[in-house]
Every structure is written in structure tokens, then in C-alpha cells.
Amino acid sequence: PDFSRISPGEYFLVIARLQPDNHTHNIIRSFLSSESEKSLIIVGGPSDSGYLDFLNQIIPADEKKRVILTGGIYDQKIVEMLRQNCFAYIHGHSAGGTNPSLLEAMASSCTIFAHNNPFNTDVLGSNDLSFSSDAELSEIINSAERGHVDTFFIGEKNSSRAARRFTWKRCFDRHNKAFMALK
């Protein structure tokens, strides 16, 4: 993908498999209905081509330069560069558990706007700006761009939480304790 038109802090980032339960369509609609003049970069491949076709259909032709569907990017240096330079990371995942892309965004000190569900709340704690609807996400985008959200502070809190709570030692200790309880 050509990122030459993208400047640091001038885009929102989504990294997800393109499938309905990751709410990519809602994120696109929310972004387009916001007042943002930034770009939206969506990194990820589709779980089926029909959903990708649907996403392309909901992006008006005059917005295709601003809403960028990159497909999968497997060069970790590029992915990390995108994370470290985004204005905010939007996490629409609504199923599963501790999502690796969410942890990576936290570790990169991203401000995160997350779909409101127990999985994301457990991972982010009180550090997230959560949304349950397109309208809520649009308002979060607008509020953040107006400076009503301290994106630097929230990003630092996310990084600190990731470094403190999601370590290999802590994971091992918790799993070991659970296994020992089974004896």
C-alpha cells in the first residue's frame, strides 16, 4: 500500500480480520458520519470476499482515498509504524477473549476506541473509550479530535497496563496456579 499521503497523527487505524463480528462496517459508517477530516486505515484480509465487497460498497467513491482498505500486511515493521503513528486505534472485535491486536495497540501506547463488550473491558480496564453504536463511535471520534480527550495520557495508561498486566511471567504464574489446583 502507498502510505505517502498519510502523515503521523492524521489517521485512525483498525487492524482486524474483515468479518462482521469485528464491526468493520460499523467503524466505516461511524467514521464517515463523524466530522473527521483524517483518514481511516483498515489493515486486514477478509474472512470471505462477500464481506469485502460489502465494505467497498459502503465507502462512497469520493471517500476511497480517505478510507483505505490495505488488505493483510505481514511486515511487522510496517504494522508497528502504523500503530505508533496513528491518532487513535479503533478496536471493533466483539467475540473472543484477549485479542492480540488489542494488546499490541496498548503496548504501542495507542489511544483506543473499543467496542463495548466484556472481553475488551477486561483487557482495557477503565482506559478505553468504548462504543456500542455507530453514533457513539462518531461522537468519540469528534470529541477526541476537538481535544476533549487526552490521547497522550490514555495511550500512556494503556501502555502501562499492558506492561504490568500482560506479561509472560504473569500468564505463566496464573496458568500454573490453575493447573496446580487441578491436582
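Asn142 is found in helix H6, where helices (H or I, at least four residues) and strands (E, at least two) are DSSP runs numbered from the N terminus. The model is a predicted one, in which local features need pLDDT of at least 70 and side-chain atom pairs count only at pLDDT 80 or more, while totals for chains, interfaces and linings use all residues. Residues are numbered from 1 along each chain as its sequence is written, and side-chain values use heavy atoms, with hydrogens and water left out.

Leaving aside its neighbours within four places in sequence, Asn142 is in contact with Ser34, Glu35 and Ser36, contact being heavy atoms within 4.5 Å. Ser143 also belongs to H6, which spans residues 134-145. With a relative accessibility of 17%, Ser143 counts as buried. When neighbours within four places in sequence are set aside, the contacts of Ser143 are His148 and Val149. Arg174 is 31 residues from Ser143 along the chain, and 38 Å separates their C-alpha atoms.

A pair of helices comes next. Two packed helices are described by the angle between their axes and the distance between the axes. For helix H1 (residues 24-33) and helix H2 (residues 49-58), the axes come within 10 Å and cross at roughly 5 degrees. Here axes are lines fitted to C-alpha atoms, for helices over the stretch in contact, and angles run from 0 to 180 degrees between N-to-C directions. H1 and H2 are therefore roughly parallel to each other; angles under 35 degrees count as roughly parallel, over 145 as roughly antiparallel, 65 to 115 as roughly perpendicular and the rest as oblique. On the H1 side, Thr24, His25, Ile28, Arg29 and Leu32 meet Tyr51, Phe54, Leu55 and Ile58 of H2. The residues of this contact divide into six nonpolar, two polar and one charged, where Ala, Val, Leu, Ile, Met, Phe, Trp, Tyr, Cys and Pro count as nonpolar, Asp, Glu, Lys and Arg as charged, and the others, Gly among them, as polar.

Helix H3 (residues 76-85) has Val79, Leu82 and Arg83 buried. These residues lie on the same side of H3 because they cover an arc of only 100 degrees around the axis, the arc being that of the directions from the helix axis to the C-beta atoms. Strand S1 (11-15), strand S2 (39-43) and helix H4 (100-107) are included in what covers the buried residues of H3. On the face turned away from the buried side, H3 carries the exposed residues Lys77 and Gln84. The N-terminal end of H3 is capped by Asp75, with a side-chain oxygen 2.9 Å from the backbone nitrogen of Lys77.

Two loop residues complete the picture. His23 lies between S1 and H1 and has a phi near 55 degrees, a positive value in a residue other than glycine. At 18% relative accessibility, His23 counts as buried. Ser109, in the loop between H4 and strand S5 (112-115), has a positive phi near 65 degrees and is likewise a residue other than glycine. Its relative accessibility is 27%, so Ser109 counts as partly exposed.

How values were computed:
Buried < 20%, exposed > 50% of the residue type's maximum accessible area, 1.4 Å probe, protein only. Polar contact = N/O pair within 3.5 Å; in protein donor to acceptor, adjacent residues only side chain to side chain.
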